[in-house]
Amino acid sequence: MTLTRGWSTHPEGSVLVEFGGTRVLCTASVTEGVPRWRRGSGLGWVTAEYAMLPRATNTRSDRESVKGRVGGRTHEISRLVGRSLRAAIDLKALGENSIVLDCDVLQADGGTRTAAITGAYVALYDAVNWLAARKALNGKPEKVMHRSVAAVSVGVVDGEPRLDLCYDEDVAAEVDMNVVCTGTGDFVEVQGTGEAGVFARDQLDALLDLAVVGCLDLAEAQRKALLP
C-alpha cells in the first residue's frame with residue numbers, strides 16, 4: 001500500500017492511494033462558509049463524493065453523469081466516506097469552513113471504498129493545514145484533526161479469514177466486511193454480510209481482530225506519509 005501526497009496540483013490536499021491493483025485519487029477542496037442549514041452554528045462541514053472511472057474495471061461502465069442520476073452504490077459509498085472522515089475532525093475547531101473530499105477510482109481490484117477512506121484522511125489533513133497556514137481555523141491543526149481514520153476489507157474465503165480482499169477473493173468470499181477504525185483501534189463503522197449464508201460469532205470476532213491489525217498498519221503508513 002502506498003500513499004503519494006500532492007499527486008494533483010490544484011486541490012488544497014491530494015493523495016493517490018494504492019492498495020495493490022486498486023488505485024484511488026483523493027482530493028480535498030476547501031471553500032469558505034458552510035451549507036445554509038449550518039450557517040451561524042460555528043461548526044464546519046466535511047462531505048465526500050465517490051466515483052469510478054468508466055474503465056476502472058474489466059468492462060466499461062457508462063458515466064453516471066451521462067445516465068443523469070447517481071447510482072445507489074455510489075451514493076452509499078459517498079456517504080460512508082463522509083461519515084468516516086467526520087469522525088476524524090473537530091467541526092467546531094474547523095470553524096465555518098467546508099471541505100469536500102472527491103474520491104475517484106482510477107483502477108479497481110477490490111476494496112475501493114476502504115482505499116478511498118484511507119487516502120481521503122491524508123488529503124483532509126493537508127487541507128486542514130492549508131487552512132491553518134491562512135489562520136482560518138478556530139484551533140490548532142492537531143486539535144482539528146484529533147484522530148486518524150483508516151479502513152480495510154476483510155472476509156472469509158475458503159473457510160479462512162483474509163485481509164484486504166482483491167476482486168477475485170471478494171467475489172468468492174463467504175463473508176464480506178468493511179471496517180473503519182481510528183488510529184487507536186476503535187471502530188467508526190462496520191459493514192458485514194454473509195454472502196453465502198450466515199456466519200458465527202467467533203468468525204465475526206476473528207474478522208474484527210484481523211481488521212484492527214490491518215487498520216493499525218494503515219494508520220502507521222498514514223503517519224509516515226504525513227511526516228515533513
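I'm working with a predicted model, so local features need pLDDT of at least 70, side-chain atom pairs count only at pLDDT 80 or more, and totals for chains, interfaces and linings use all residues. Residues are numbered from 1 along each chain as its sequence is written, and side-chain values use heavy atoms, with hydrogens and water left out.

**Entry 1, the record.** I checked UniProt, where an unreviewed entry puts "domain: Exoribonuclease phosphorolytic" at residues 2-127 and 149-212. Positions there are in the numbering used here, feature names are shortened, and annotations may be inferred rather than shown by experiment. For residues 2-127 I got 31% helix and 33% strand, with the end C-alpha atoms 19 Å apart. Residues 149-212 came out at 28% helix and 45% strand, and their end C-alpha atoms lie 11 Å apart. Helices (H or I, at least four residues) and strands (E, at least two) are DSSP runs, numbered from the N terminus.

**Entry 2, the sheet.** Which order do the strands take? I read β7-β6-β8-β9, an open sheet of 4 strands with antiparallel pairing. Two strands pair if DSSP finds at least two bridges between them. β7 (160-163) and β9 (187-194) are at the edges with a single partner strand each, so one side of each has no neighbour in the sheet. On average, neighbouring strands are turned by 20 degrees against each other, direction ignored. Axes are lines fitted to C-alpha atoms, for helices over the stretch in contact; angles run from 0 to 180 degrees between N-to-C directions. Between β8 (residues 175-182) and β9 I found 7 bridges, with the strands running antiparallel. Val179 stands opposite Val190 in β9.

Contact here means heavy atoms within 4.5 Å. α4 (residues 112-133) lies across β6, β8 and β9 too, running at about 160 degrees to β6.

I then checked the helix lengths. The expected span is 1.5 Å times one less than the number of residues. α2 (residues 72-86) has 15 residues and reaches 21 Å, close to the 21 Å expected.

Burial next: buried means under 20% relative accessible area, exposed over 50%, partly exposed in between (1.4 Å probe, protein chains only). In α4, 17 of the 22 residues are buried. The buried residues of α2 include Ile77, Leu80, Val81 and Leu85.

Most residues other than glycine have a negative phi. I noted Lys135, which follows α4 with a positive phi near 55 degrees. Lys135 sits in the loop between α4 and α5 (141-144) and counts as exposed at 77% relative accessibility. Asp158 also has a positive phi, about 55 degrees. Asp158 is in the loop between β6 and β7, exposed at 65% relative accessibility.

Is Arg55 buried or exposed? Exposed, because its relative accessibility is 56%. Arg55 lies in the loop between β4 (45-52) and α1 (64-67). Its side chain reaches the backbone oxygen of Asn58 at 2.4 Å, and a polar atom of that side chain lies 3.2 Å from the backbone oxygen of Thr57. Further along the chain, Leu106 is 51 residues from Arg55, yet their C-alpha atoms are separated by 8.0 Å.

Key
A polar contact is a pair of N or O atoms within 3.5 Å; within protein, one must be able to donate a hydrogen and the other to accept it, and residues adjacent in sequence count only if both atoms are side-chain atoms.
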